[in-house]
Amino acid sequence: MKVTDSDNIKHRQLRFEDYLQMVSAEQKEYAEVCASLKMTETDSTNTNKQKEGLLEQILARDNLNRAYKQVKRNKGAGGIDGMQVDELLPYLKENQKELLQSLRDGKYRPKPVRRVEIPKENGKTRKLGIPTVVDRLIQQAICQILTPTFEKQFSDNSYGFRPGRSAHDALKRCQTNITEGYKYVVDMDLEKYFDTVNQSKLIQTLSETIKDGRVISLIHRFLRAGAMVGGLFEDSPEGVPQGGPLSPLLGNIMLNECDHELERRGHRLVRYADDLMIFCKSRKAAERTLDHILPYIEGKLFLKVNREKTQVAYVSKVKYLGYSFYIYKGEGRLRVHPKSIRKLKDKIREVTGRSNGMGIEARKTRLNQVIRGWVNYFKLADMKKTLKELDEWTRSRIRMVTWKRWKKVRTRLKRAGLDEKRAWDVGKYKKRLLANRP
């Protein structure tokens, strides 16, 4: 059975605007296409030895309807088959029975994700995998059923991609730790975390909770679906493709064991996705903590720690979720990190560029979106002076755009308040000066 009818759907190339739309639909989601037949069953995924029932919950009508609405709401670009979100409903009406039966029989094969590389600040790229909309629907349905179960197991110190939790909650916990005297941190950087997750370890961890082997097998197939890169198929023996609805949940499941191990050792920590901060009361304690936790992360979880970026530092020297910290009268406080300010200015420069072709209303709308979104995210920071300076700088950029729009000298002078005769005289004099300039 074909999951998508590629003969009837024209292939569409992913544009950068599509990616921005996909990312804004929270965080950053989706990928897939082409059946991979190399998925191997293991003892932990033997469907004959597992308790049944979970797959039926995933394929229940109400759950699938909720999954469809979420995929529709998130929008995003299509996968390698070119099917777009708006085309999903007609496809499901025509192929619903065959799709559900293939999932029940264990014959469904996810398609490879469409690989997209997004530039990072350090000059490197982040690999995203764009699944087909059908695969996105199935992943969303799985995620909706598994999330309540694993939420009960997750650490209270984990905040990324969890219902009812946000980056602001993680930052507030950091403030609490600092105020209580934990002024040194182990700023842990996991190198290419989602690309290097050990799939065997992940499947083993899932099998300890999920007793329906058909679901384990289906998740395994999504992990091994591979990717299409430049028209060529690439296998995926390790990692969790970033971009699918399942990847944030699987990422949290993999690191949940690390969270509980750190708590068992009595450490204060805050984790947002793969951004981990361990708080200590002294530099020596932080260095000792780093030395003791590295063998566990690399030896038990099979993850790679970036030794160059991982550091022990005083809280004011680290950047976390775009913020930086400082201590005032013994209280942990937040400010905007300079890199975050530079990134905002780069966006404003792009919007207020004099030759970007944007109209007045489009420029105004986009500028409001950028500024309001940025201020809303950094509202926890102490930034009165920063906002004043940004306001003055932004206004100068807007004046620059307006000045160019008033192309004639006399027009500029009249807009500046001169009467028509005076503007005419000064304009002619200005033109003569320019014409005679050596």
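In what order do the four strands of the open sheet stand? The order is β6-β7-β3-β8, and the pairing is antiparallel; two strands are taken to pair if DSSP finds at least two bridges between them. The strands at the edges are β6 (268-272) and β8 (311-314), each of which pairs on one side only. From one strand to the next, the twist averages 25 degrees.

The model is predicted, and local features need pLDDT of at least 70, side-chain atom pairs count only at pLDDT 80 or more, and totals for chains, interfaces and linings use all residues. Residues are numbered from 1 along each chain as its sequence is written, and side-chain values use heavy atoms, with hydrogens and water left out.

The secondary structure of the protein comprises 16 helices and 11 strands. Helices (H or I, at least four residues) and strands (E, at least two) are DSSP runs, numbered from the N terminus. Of the 438 residues, 48% count as buried, a term that denotes under 20% relative accessible area, with exposed over 50% and partly exposed in between (1.4 Å probe, protein chains only). Among contacts with a separation of 6 or more, 74% are accounted for by residues 24 or more positions apart; contact means heavy atoms within 4.5 Å.

Within the sheet, strand β3 (residues 184-189) is joined to β8 by four bridges, and the two run antiparallel. V185 stands opposite A313 in β8. Helix α11 (residues 283-299) packs on the sheet and touches β3, β7 and β8, its direction making about 25 degrees with that of β3. Helix α6 (residues 167-179) lies across β6 and β7 (275-280) and runs at about 165 degrees to β6. Axes are lines fitted to C-alpha atoms, for helices over the stretch in contact, and angles run from 0 to 180 degrees between N-to-C directions.

Two loops next to these elements contain residues with positive phi. Most residues other than glycine have a negative phi. A273, in the loop between β6 and β7, has a phi near 55 degrees and is buried, with a relative accessible area of 10%. F302, in the loop between α11 and β8, has a phi near 60 degrees and is partly exposed, with a relative accessible area of 44%.

The largest nonpolar core has 68 residues, of which L206 and I219 touch the most other members. Such a core is a set of buried Ala, Val, Leu, Ile, Met, Phe, Trp, Tyr and Cys residues joined through side-chain atoms within 4.5 Å. Helix α5 (residues 133-151) gives the largest share of this core, 10 residues. Residues up to four places away in sequence not being counted, L206 touches F150, I216, I219, L250 and I253. Another core, of 34 residues, lies apart from it and includes Y272, V318, L321 and V351.

V318 is also one of the residues in contact with H337, together with K319, G322, Y323 and S324, when neighbours within four places in sequence are left aside. H337 is found in the loop between β11 (331-336) and α12 (338-351), and H337 is buried, with a relative accessible area of 16%.

Helices α3 (residues 61-74) and α4 (residues 88-105) pack at an angle of about 145 degrees, with their axes 13 Å apart. In this contact, L64, Y68 and V71 of α3 meet L88, L89, L92 and L100 of α4.
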